Amino acid sequence: MKKNKDSSRRNFIKKMAASAAAVAAGTAAFAADDNIIRFTLSKKRAFSANDNVNIALIGAGGMGTQDTITALSVPGIKIVAACDLYDGRLKDAREKWGKDLFTTRSYKEVLNRRDIDAVIVATPDHWHQQISIDAMKAGKHVYCEKPMVHSVVEGPAVIQAQKETGKVFQVGSQGVSSLGNEKAKELLKSGAIGTLNYAEGFWARHSPVGAWQYPIPADASPATVDWETYISNTTKRPFDPLRFFRWRNYLDYGTGMSGDLFVHLFSSLHFITDSLGPNKVYSSGGLRYWKDGREVPDVLLGTFDYPQAQAHPPFNLSLRCNFVDGTSGTTYLKLVGSEGSMDITWDDVVLKRNKTITSDDPFFIEQMKKAGTPLTDRKRIMPPEEIKFEAEKGYRGGPYDHFVNFFQAIRNGGKVVEDAIFGYRAAAPALLCIDSYNNDTAISWNPEKMQVIKK
Ligand SMILES: NC(=O)c1ccc[n+]([C@@H]2O[C@H](COP(=O)([O-])OP(=O)(O)OC[C@H]3O[C@@H](n4cnc5c(N)ncnc54)[C@H](O)[C@@H]3O)[C@@H](O)[C@H]2O)c1
């Protein structure tokens, strides 16, 4: 039996090595010890920086700044303008990218400029739809941060604008471009975990900033913040710096834990499984600790039913998010199948394979004989076989590859994976969690037609 196990293990590893060598997320080298087999993942990029791409940033806060730094690390990319509603951010942008940078509070002034090819939209969620549509109609390619839209009803108009304008539109769940996600997709296809039946994802944090209690700048006031524009597409209220700088806590602007974090897990899961999405969404949770006036829970659970589809068997998904978690910092996505599981990050995949086999334990066989039940064909669970696929040293990560993919599509007239349809299919179940939680009810969703099913 040991021989069988060893040869099946060797065959599997050989298969992995051969198939891995044939794809982008390839194998540079592998090393084995008794328990863990390690492969190194690397990627060949057919890269040309022939055409310069001029970009502008709309929403120059934390993520917008990070996105721009990443975008500018791709050869041939130049920033020419930045837009924000808080003067302090515009000052920071000029300090970072030069005093010649065009800065403005009005995104329309950015869109009117002819020297801009693409914009990064990194405003709070309630501005994603309007700015993205206006930008595509003004002839700009768009990299829009996740979630693509602020509510489910906003999605179809973005899809329509992308179709009509033919512009490249990419949503910013950068994990889908990572080596880890690409490898997981390939492994699932090759049958490495058998038949998929379950997936789960988790985000844990335990700090004020992790729980969205960001610092409020000392100079925040109606003079330095364009509050009227900020709330011009939502409920009118007097100036409130908390609602501006800690927007994630309020549903007029943010989308709670599910829109902020579950959406990344949906994006990766849908990329890996080629799924169009779940047909049932249910969410529950509560506000346990961060009782600072926020309108959203700080512990959230979601369960989702994925129906039988052309690309995958039926399976269940469980997502969790906890901002009062003593294990702080744990984040994972796991796919489970009949023959094993995969723990997936952007930089690595840990594959655990497991099969029930006939027992070869002589003591056990003897005992069973003595007991008069010679169950030599009784199955037992083998200790898992663990294979780790790790990105090569110096890998620049999913965020870099996501921008490379975006700019390649602009330069070559190609397609991006996380386009408006993909972005909407990832955002919709996340956004429906808010409705499910608030109304304490399960919601049916048609993932093909991208519509809520009314009962
Ligand atoms: N992909 C990721 O990993 C990731 C990580 C963090 C945030 N995000 C997304 O990025 C977006 C921004 O998040 P953040 O953490 O950077 O928030 P932030 O508050 O740090 O930045 C948002 C900026 O947008 C500005 N702004 C607001 N309304 C505007 C408007 N109408 N026009 C121009 N500027 C406007 C604000 O003044 C602020 O500077 C969100 O959609 C968020 O979900 C994505």
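**Helix 3.** I started with what the buried residues of helix 3 (87–97) pack against: strand 4 (77–83) and strand 5 (102–104). Helices here are DSSP runs of H or I with at least four residues, strands are E runs with at least two, and both are numbered from the N terminus. Contact means C-beta atoms, placed from the backbone, within 7 Å. This is a predicted model, where local features need pLDDT of at least 70, side-chain atom pairs count only at 80 or more, and totals for chains, interfaces and linings use all residues. Residues are numbered from 1 along each chain as its sequence is written.

Which residues of helix 3 are buried? I found Arg89, Ala93 and Trp97. (Buried is 20 or more other C-beta atoms within 10 Å of a residue's own, exposed is 12 or fewer, partly exposed is in between.) They sit on the same side of helix 3, because they cover an arc of only 45° around the axis, taken from the directions from the helix axis to the C-beta atoms. My reminder: an α-helix has 3.6 residues a turn, so residues three or four places apart point the same way. Just after helix 3, I noted glycine 98 with a positive phi of about 105°.

**Serine 328.** I looked this one up in the loop between strand 12 (315–322) and strand 13 (331–337). Serine 328 counts as partly exposed because it has 13 C-beta neighbours inside 10 Å. Leaving out residues up to four places away in sequence, I saw serine 328 touch Ala204, Arg205, His206 and Ser207. Glycine 210 is 118 residues from serine 328 along the chain, yet their C-alpha atoms are separated by 9.4 Å.

Key. Contact = placed C-beta atoms within 7 Å.
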